[in-house]
Amino acid sequence: MFIINCPFCGERDQSEFSAGGEAHIVRPKQPTELTDDEWADFLFMRKNIKGIQFERWNHSHGCRKWFNVIRDTSNDKIHAVYKMGEKPPSN
Amino acid sequence: MKNNYSIFSLLKNSLSYHENWKQAWRDPEPKKEYDAVIVGGGGHGLATAFYLAKKHNMKNIAVVEKGWIGGGNTGRNTTIIRSNYLWDASAGLYDHALKLWENLSQEINYNVMFSQRGVMNLAHNLQDVRDLKRRTHANRLNGIDAVWLTAEEVKKFCPIINTSPDIRYPVLGGTLQRRAGTARHDAVAWGYARGADAMGVDIIQNCEVKGIKRNRDTVDGIETNKGFIKTKKIGVVAAGHSSVIANMAGIRLPLESKPLQALVSEPVKPIIDTVIMSNAVHAYVSQSDKGELVIGAGTDAYVSYTQRGSHDIVEGTLKAILELYPIFSRMKMLRQWGGIVDICPDASPIISKTNIKGLYFNCGWGTGGFKATPGSGDLFAHTIANDEPHKLNSAFNLNRFVSGDLVDEHGAAAVAH
Amino acid sequence: MSENFRSTETKFLDKTNRISFKYNGKKYYGYKGDTLASALLSNGVHLIGRSFKYHRPRGIMTCGSEEPNAIVQIGGNGSFTEPNVRATEQEIYEGLEASSQNCWPSVEFDVGGINNFISPVIPAGFYYKTFMWPKKLWYSLYEPAIRLSAGLGKSPTQPDPELYDHKHLHCDVLVVGGGISGIIAASISADNGNNTVLIDDKNSLGGSTVYQNDENFKINDEISSSWLDKKIEELKNKHNLTIKNRTSVAAYHGYNYLLARENFADHKPLDERLNKLRQRLWKIRAKKVILATGAIERPLIFNNNDRPGVMLASSVKKYIDFFGVRCGDKNIIFTNNDTAYETAISLNKKGIEVTVIDIRKNSSSALVKTTQDAGIKIYWNHTIVNTSGYRRIKSIEIMEMSEDGTNVVGKKTSLICDNLSISGGWTPMVHLFTQSGGKLRFRDADQVFLPNTAMSDQISIGSCNGDFELDDIIKNTISECKNFLSASVIDYDLLKVSCPKQNESKIIWLLPNDKPLGKTKPFLDFQNDSTAKDIKLAMREGFKSIEHVKRYTTTGMGTDQGKLANMHALGIISETAGVKMGSLGTTTFRPPYTPLTFGTIVGRNVGTFFDITRKTPMHDWHKDHKAEFENVGQWKRAWYYPKKIESMHQAVQRESKAARESAGILDASTLGKIDIKGTDASEFLNRVYTNAWSKLGIGKCRYGLMLNEDGMVYDDGVTTRLSENHYLMTTTTGGAANVLSKLEDYLQTEWPELDVWLTSVTDHYATASVCGPNSKNILKKLFPNIEFNDENFPHMSFKNAELDGINCRIMRISFTGEHSYEINIESKYGKSLWEKCMDAGKKFNITPYGTETMHLLRAEKGFIIVGQDTDGTMTPSDLQMDWIVSKKKYDFIGKRSLYRSDTMREDRKQLVGLLTDNPSEILEEGAQIVQDEKKQPIEMLGHVTSSYFSPNLNKSIALAVVKNGKNLKGQKLLVPMKDKTINVTVSDFIFFDSKNERLNA
């Protein structure tokens, strides 16, 4: 069980958070313009990376804010956290 | 020629102190080219190779496995086998597998200890009752032997369940499929490996796929740590690592890989003679032939390839176990472990061609793939050999995520099993 | 029986406290501080159990958690019973009852012992090769026989009489292991201002050094044990150090999260334990972790090395030096290294006969010199080729080893003994280190795996880090801790340590024998009876990976999880295959380190605390009025209110009629309520619901349908516009939490530009729903200041009101089709509101009704229940609710998915009504619907989602989803049941008041 450094509350136990899957999948602004394939891509297709993954977490038993986490899915090591709308920290 | 396994061969070999048994499978180096390569030496991959050789006469084929065969989810699951699925497509798929299980030991001359001691699914609220009855009706009409049991009948079938109306979520009834049960997981991988090897299939262990070589929209072969292997057909059966292989081929799949945990107790004399699953309070348990209580926990909600899960999940499962079986409070957990399961949005698998010619995927089994092993192998072999799905797996194509024609089995698969 | 084998005084037992206990029904005595094993040994009892497969007699082998053989059932048949308890860890208490396992009728005469004679035919994995023919015998004979032999102890059959709990613990430094290195580490840590916790699994600290009374081992010129005694005393006075005895770390997860089990009760008499805390699971977050988990001794693998009386040399030393118990009168020590000589010296000092057999050619260690000076005979370069004695070892046969050590030469010598102490060197306990994600390295010299790179902030010290000599242990512990803790205060810098240096051990994983391997039984895994032969058989058959070999032979799968066997399995594989051992890798060390009680893992979360129970403010009223309750999520909802002898059916029929004929009242407090505020609230609703919201007037209510992004119906409910920028949304009871999370997700991540604020207010308000033709009259009585006419207070509108000075909100909305009102009031007044409604409704025969009647009434009206009439595969169109899907709106959640090829199909399953041809026959919910029963395979068109007998229509009605149902009105269909087939006709799904005349009645 990891510790997540909520950008709003600080370090808290993983059990306070909910995972929200891959980050930076932007909901299309004009869904009706998309082909079925493109829509399916948004809806279901995932990188599901083994290694450094950008993902969303929600501090659901805390401030209830969504934010982004950079985590290595091969060892669960968290490299960075950053708020929604912010650019991922480089390096 | 391989030894035929029987009591007579055991007796005969005992005279020579068992020093003359042959290898169950060879340990070959990869050839330069095969007619097909199966990526992933778990039960599904080995079964695919077995049926490719047996039914489709494709014998110049190989199974490449990153580690040791059967070391992934085949060797990490709680071995529940059943076919009481809701939708016709799923019922067809899983019952096809169940029928193969019923003759598997004889078919591959390897005792997989298929134990048809029945699987019960318990209902704990009124909607559970509706859902399970719906499934039972559908099962009956699909020729699957599931029946509805009242709470009293549940108690009679498995007397140690706490069916008191005073518990937090009382047992309101359940379903029973008597043909369902468990099998010895390792034996399935080993038995298929031995059978496939005998027909000439090369099983190459410690062989990690590093890349998929494409010639435009057609596959050309795989790069491995043992060199390049040329082939026109690649069947990927890599479970939790399916997306990793897909990324090598430049495609994305509708999968998320998550840790799924299980545990066993110390071995005790027989106390449970069936398999009991409960979605609502999330507990399922059976007892192995060795005497261990085999308990399946759930998946964590985040992607992870660590083969670890969080302790909360184990705690939550044991909590439910003690709610239903208070007598197990003083039993002890001997060992817990995790596997990585690849989960589809509709909780149904993918056995499908892709947009790349010669590249096939068999994945997305989530928490319940073991039960399908023989059927999955058989149908995937058919799909690879004919470049066309069998009618039993045609619904499990990749295109369903585009058309919306999902096979939503969340009701059947809401918990790991 | 007297304790004939308690030979020496020891300060570790309380001799004033004599304790009686029973083993296999016979009474014995021991002292406070004894383990069951030491107490039994002091009585001369060695035979404890039978092995799993061959039922061979087995005795106590070790003195700790690695014990493979001496595992017993504790606590008899009562509720305190516990299977598979290691006698080497169980402390005795007055009245303890223990018995042997896996034997019948007794451990001395066990019928299962026959397996030993057929062992030639049942090698590793034999069951994969047989029991397949004839097939039917598998079920009737073979498998039942296999199951008959399953298991060791017996499961309890009664609920647990003791309690468990959990506690969280945060500390700067956690030290695991209370041996000499752990003690030094804890001391350094605490002295440097760290909040430190020291955990040890025994009842007292000190590891093996506390009984190291040997002139060869000195610290600052003191005998090592006396020096350590003082240090332990000092520890007790350190204010920032917590010591936890009888506490065992079970698991070491990532991010320095550890689970430790503290045992409070297992050493106490049963009468002190009923309903008291037995064990506590500590959930520990440590900033830094120091592992000092020690090492365990390796056995030696030779023919018949499993007899009772064969023990680890270090354990024999502990039994004599710590417990004062001699394990035999004629001892033989068999070793490949120097440490076993400590045992020889100890035994000799107590006047006990001892002989040493060493597979090495010589050793120059001071320990060996002391041994020789004491006149103890040493057989150099010899190995044991056989042993004898069925229930206790009686003699051994030894032979000289060939020059290269691969064979034996010369003549056999037979030696009489009643105890054989074996020592094959040491294995560092790296279990916790690897559990935490650490990677190991291999040290060739003594063939040990050692911690290499760690995933979290931790170090390993002492013998678990590969230091086996006292001076190295102390020196390295100090320097490692100094670095790790950036410690400045060090009391230990000037320590002077003297100890004998050790010569290299000679490691031969499988010792040579004069007989072919096939004729011998060299055991590796004593519990599961796997032998070196089995390992070689597995390899011959192509099982090359250590994990394959382990699984095929069941090596390391016992209750000790291979603490003794795994290294030898690796060693034999490496010897046989000619592969370097370090390159083979290890098997995975899985948690828990030692078996962990289910009850401990669960703690207090059992029974009442299994899950939260949510009750509405009116709950007690329902209870007082004999309501039956239904679980809906965590909520308890009143299901129906039976009067005296009424059945459920009768009660529901009565309630349903009353609600339509005069007045009914429902507790609707459980519906999810979300308060939505902000200048973009209307736009937000436009995006989350399928219908349009901008034009909803202030004070008006509207029904909304919410989809998932994949176009399937997700939730529904009525939302009220309280003011320009303020809405109150209701959700389904079960969906409340998920809907809120989903809305927050969209708001924060997709539409952060919207000015909208969401607050869950489900628990803030209680809701009473009053319906029926007299509802208006009841409301009039309650709220005399409000005009309840259709002009002032029309259907689908809301008013603020006061009830005896308390603010309420009244919504005129209806889920029953009757004229009806929902009154919301602050939760604490909920019960009072309810009672006032009952009072005001008295003369109208107001009838409380539960969820079942609510379901029936809405089904008469064809209103869906999300989750019952939908199952995550239904679109609005499938529900024949196209009217609620805005064609004008550019987008809403799920819209795009409605335009995919499958979701646009005309013949999808669609909501319909079903009427049974026999109007008194009620369909079963979940029953399948077909057109042709004969055609195989039967095509199932859909299923019954809701079904009731309607008292208001006096016939059975049902809702169903049916393929192409929109076009099947009037069509005859079949509902095949197990024993009959029911004829039905497809109908409209609105059965009652299809013109909605009653809403305004």
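User: Where does C:N220 lie?
Analyst: C:N220 is placed in the loop between β10 (218-219) and β11 (222-223) of chain C; helices (H or I, at least four residues) and strands (E, at least two) are DSSP runs, numbered from the N terminus. Its phi is near 45°, a positive value in a residue other than glycine.

User: What should I know about the model and the numbering?
Analyst: This is a predicted model, in which local features need pLDDT of at least 70 and side-chain atom pairs count only at pLDDT 80 or more, while totals for chains, interfaces and linings use all residues. Residues are numbered from 1 along each chain as its sequence is written, chains are lettered from A and ligands numbered from 1 in the order in which they are written, and side-chain values use heavy atoms, with hydrogens and water left out.

User: Back to the backbone: is the peptide bond from C:W104 to C:P105 cis or trans?
Analyst: That bond is cis, with omega near 0°. C:P105 sits in the loop between β7 (97-99) and α2 (114-117) of chain C.

User: And which form does the bond from C:W133 to C:P134 take?
Analyst: The bond from C:W133 to C:P134 is cis, with omega near -15°. The loop that holds C:P134 runs between α3 (126-129) and α4 (135-148) of chain C.

User: New topic. How many residues of chain C and chain B are in the contact?
Analyst: The contact takes 121 residues from chain C and 102 from chain B, where contact means heavy atoms within 4.5 Å. The two chains bury about 9700 Å² between them, 55% of it on carbon and sulfur atoms; buried area is the accessible area (1.4 Å probe) that two parts lose on being put together, summed over both.

User: Which residues of chain C lose the most area to chain B?
Analyst: They are C:R147, C:F598 and C:F610, together 10% of what that side buries.

User: How many salt bridges are found there?
Analyst: Twelve salt bridges are found across the interface of chain C and chain B, each being a side-chain nitrogen of Lys or Arg within 4 Å of a carboxyl oxygen of Asp or Glu. B:K133 and C:E924 meet in a salt bridge at 3.7 Å, N to O. On the side of chain C that touches chain B, the largest share, seven residues, comes from α4(C).

User: What about chain A and chain B?
Analyst: Here 25 residues of chain A are in contact with 25 residues of chain B, and the chains bury about 2100 Å² between them, 54% of it on carbon and sulfur atoms. The count is one salt bridge; A:D41 and B:R252 meet in a salt bridge through their side chains (2.8 Å, N to O). At least two residues each of the side of chain A that touches chain B come from β3 (18-22), α1 (36-43) and β4 (52-58) of chain A. The largest share, four residues, is from α1(A).

User: Last one: how many cavities of 30 Å³ or more does the structure hold?
Analyst: There are ten cavities of 30 Å³ or more. On a 1 Å grid over the protein atoms alone, a cavity is a set of points where a 1.4 Å probe fits but cannot get out, and lining residues have an atom within 4 Å of a point. Of its 15 lining residues, the closest to the centre are C:T427, C:H431, C:N566, C:M567 and C:F589. The largest share of that lining, three residues, comes from α14(C).

Terms used. On a 1 Å grid over the protein atoms alone, a cavity is a set of points where a 1.4 Å probe fits but cannot get out, and a pocket is an open set with protein on both sides within 12 Å along at least five of seven lines; lining residues have an atom within 4 Å of a point. Grid points are joined across faces, edges and corners, and a volume is the space filled by probe spheres set on the points.
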